[in-house]
Amino acid sequence: MSALTLLLATITTGLVAGLFYAYSCSVMLALRRVDDRTFIEVMQRINTAIQNGWFALGFVGGPLLTAITLVMHFDDGPVMPLVLAGLVFHMLTLMITFAVNIPLNNRLDAAGDAAQVADPASVRRGFETPWVRWNLVRTLTSTAAFGCLCWALAL
């Protein structure tokens, strides 16, 4: 059972790390090339669409399964420190998401309909640069969590 939870923790962690990576290396680069109103509208739609069970399965499942795995491997010398490190990186990813990215998403949604925003350039400036910067950081932390769990799985 502990091998299964470690495998599932690794898979869900990899899915989330891959999602954040895809934003860093494609989605946000593509959106950089669109006008302000289009940027706002697309990001508002993405922020709504991502709130679904499939995303929640990985985003919540990864840290939860990693914590369960940690409990199961608590006495397992070489595996336990890696799983613990993976959980720490998960917690950093969650902290960044809840402290930075979600508030930025909420502020963007509060701007209202992109077609009606009085100063779309200002709204975009207040969102894009910090969101992209912190998404890169959570890409790194979630990838580190994935790497730790892969290493633990290999052991």
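# Briefing on a predicted five-helix protein chain

Proline 103 is located in helix α4. The structure that holds this residue is a predicted model. Its protein chain contains five helices and zero strands, arranged along the sequence in the pattern α-α-α-α-α.

**The chain as a whole**

- Taken along the principal axes, the box filled by the C-alpha atoms of the protein chain is roughly 60 × 25 × 20 Å.
- The protein chain has 155 residues, and 39% of them are buried.
- Of the contacts between residues at least 6 apart in sequence, 82% link residues at least 24 apart.
- The protein chain has an accessible surface of about 8300 Å², and carbon and sulfur atoms account for 71% of that surface.
- Positive side chains number 9 and negative side chains number 9, with the centres of the two sets 8 Å apart.

**Nonpolar cores**

- The largest nonpolar core consists of 13 residues, and the residues with the most contacts inside it are Met28, Phe39, Met43, Phe127 and Trp131.
- Two or more residues of this core are given by each of the elements α1 (2-31), α2 (36-49), α4 (80-110) and α5 (120-154).
- Helix α2 supplies the largest share of this core, with four residues.
- Methionine 43 is in contact with Met28, Leu31, Leu108, Phe127 and Trp131, when its neighbours within four places in sequence are left aside.
- Another core lies apart from the largest one and has 10 residues, including Leu65, Leu70, Leu82 and Leu87.
- As general background, nonpolar side chains in soluble globular proteins tend to be buried together.

**Histidine 90**

- Helix α4 contains histidine 90.
- Histidine 90 counts as buried because its relative accessibility is 8%, which is under the 20% limit for that class.
- The side chain of histidine 90 forms a polar contact of 2.8 Å with the side chain of threonine 13.
- A polar contact of 3.3 Å connects the side chain of histidine 90 with that of threonine 66.
- With residues up to four places away in sequence not counted, histidine 90 touches Thr13, Gly62, Pro63, Thr66, Ala145 and Leu149.

**Alanine 17**

- Alanine 17 belongs to helix α1.
- The relative accessible area of alanine 17 is 6%, so this residue is buried, the limit being under 20%.
- Although alanine 17 and arginine 138 are 121 residues apart along the chain, their C-alpha atoms are separated by 8.2 Å.
- Not counting residues up to four places away in sequence, alanine 17 touches Ser142 and Thr143.

**Proline 103**

- Proline 103 has a relative accessible area of 36% and is therefore partly exposed, a class that lies between the 20% limit for buried and the 50% limit for exposed.
- Between the C-alpha atoms of proline 103 and tryptophan 131 the separation is 9.8 Å, and these residues are 28 residues apart along the chain.
- Tryptophan 131 is also one of the residues with the most contacts inside the largest nonpolar core.
- The residues touched by proline 103, not counting those up to four places away in sequence, are Thr97 and Phe98.

Notes: Residues are numbered from 1 along each chain as its sequence is written. This is a predicted model: local features need pLDDT of at least 70, side-chain atom pairs count only at pLDDT 80 or more; totals for chains, interfaces and linings use all residues. Side-chain values use heavy atoms; hydrogens and water are left out. Buried means under 20% relative accessible area, exposed over 50%, partly exposed in between (1.4 Å probe, protein chains only). Contact means heavy atoms within 4.5 Å. Accessible areas come from the Shrake-Rupley method with a 1.4 Å probe; for residues, only the protein chains shown count as cover. Lys and Arg count as positive and Asp and Glu as negative; His and the chain ends are not counted. The place of a charge is taken as NZ of Lys, CZ of Arg, CG of Asp or CD of Glu. A nonpolar core is a set of buried Ala, Val, Leu, Ile, Met, Phe, Trp, Tyr and Cys residues joined through side-chain atoms within 4.5 Å. A polar contact is a pair of N or O atoms within 3.5 Å; within protein, one must be able to donate a hydrogen and the other to accept it, and residues adjacent in sequence count only if both atoms are side-chain atoms.
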